[in-house]
Amino acid sequence: MLTLVDCSNCRTPLQLPPGATSIRCAVCRAVTLIADPRSCPPPPSSTSHHPYHRPPPAPSPSPYNNHLPSGPAQSVHGKKRAVICGISYRNTRHELKGCINDAKCMKYLLVNRFKFPESSIVMLTEEETDRYRIPTKHNMRMALHWLVQGCQPGDSLVFHFSGHGSQQRNYSGDEVDGYDETLCPVDFETQGMLVDDEINVTIVRPLPRGAKLHAIVDACHSGTVLDLPFLCRMDGSGRYAWEDHRPRSGTWKGTSGGEVFSFSGCDDDQTSADTSALSKVTSTGAMTYSFIQAIERGHGTTYGNMLNAMRSTIRNTTNELDGGIVTSLLTMLLTGGSGGARQEPQLTADEPFDVYSKPFAL
């Protein structure tokens, strides 16, 4: 049975390794000293809303339980469940124009193309009237916890995020580039960001054998935002090799036997564009647009074909728009003003595989 201790600084419940006398918090980086692990406080009660708490089989009062799939069991493809988050940061200096459209487009795709029941999709946007659906840090944590709660073999889970992403210095030595990747909730300036370590602990590591999770993350610096062990490094011709991103510490960042695939808008050192300033183009994130276009145009056959098609769509978008100022603006958005490719969608996974033979399916 896991032993939980509260972080001495931010009070986040942490999983204490057997026999450990100290532990570093993945959220605030504080080190908590443990005199006697046997004296650690018990796990939170079933009424706790903290995302690290895995409640017993009896229903918890969490508002997300109201959205668990109901009725008869799904088809042989298993239960399908999704969390879709689009944040515009409206009325702030960080405002984005296309993120809520991204969320709506992704929901339409999942319901109509991949037959996800609407009742099994949790939407988090600023347009929601339910306070539990506003994309605050607390609500995002709750939604991610709900996504994997009770996950079983045959389940297909999706997490889509469109909004700001960032980086912060990593001090534990488990990042190849020395930085943790983060997602920015609507209240990140006061409550902080969601760090890749926490996202990994919450939705990656609990995934059981036979279950599958896809993340589609349209944000800056999002290449390894799920902290998955392997990144598919692909060149312009489609040739690829898997990079090993496993921490030097030996900490396992994979699953409990399930499969996880993450499509992200760009590499960790890149930024993602949207089309909010372009005429005759619906305001959306470039990555979300390219993901949906790849599927609609029949390129969603294998993971390699998906990744190639997404990159091609972003490179060729300027050819589908009006010329002049509009085209120049998009080019600057996608290249960072340098004229070179600055946004390249990435694929990471819990295990390396042949991307051109493994079928893509949500």
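Entry 1. Before looking for charges, I noted the rule: a charge sits over a ring if NZ of Lys or CZ of Arg is within 6 Å of the ring centre and within 35 degrees of the ring normal. I also reminded myself that this is a predicted model.

Entry 2. With that rule in hand, I checked Lys358, and its charged end sits over the ring of Phe353, 5.9 Å from the ring centre. I then looked at Trp146 and found Arg81 over its face, at 5.0 Å from the ring centre.

Entry 3. How many aromatic pairs does the structure hold? I found 12 of them. I turned to Phe114 and Phe360, which make an edge-to-face pair, with 6.5 Å from centre to centre and 85° between the planes. This pair links distant parts of the chain, 246 residues apart. I located Phe114 in the loop between helix H1 and strand S6, and Phe360 in the segment after strand S15. Buried or exposed, I wondered about Phe114 and Phe360? Both Phe114 and Phe360 are buried.

Entry 4. Next I looked up Phe261 and Tyr303, a stacked pair at 4.4 Å centre to centre, with 25° between the planes. I saw that Phe261 belongs to strand S14 and Tyr303 to helix H6, so to speak two distant parts of the chain, 42 residues apart. Phe261 and Tyr303 are both buried.

Entry 5. Finally, I followed the ring pairs into a cluster that includes Phe114, Phe360, Phe261 and Tyr303. Trp242, Phe263, Phe291 and Phe353 are also in that cluster.

Definitions and conventions: Residues are numbered from 1 along each chain as its sequence is written. This is a predicted model: local features need pLDDT of at least 70, side-chain atom pairs count only at pLDDT 80 or more; totals for chains, interfaces and linings use all residues. Side-chain values use heavy atoms; hydrogens and water are left out. Rings of Phe, Tyr and Trp (its six-membered ring) pair if their centres lie within 6.5 Å; planes under 30 degrees apart count as stacked, over 60 as edge-to-face and the rest as tilted. Helices (H or I, at least four residues) and strands (E, at least two) are DSSP runs, numbered from the N terminus. Buried means under 20% relative accessible area, exposed over 50%, partly exposed in between (1.4 Å probe, protein chains only).
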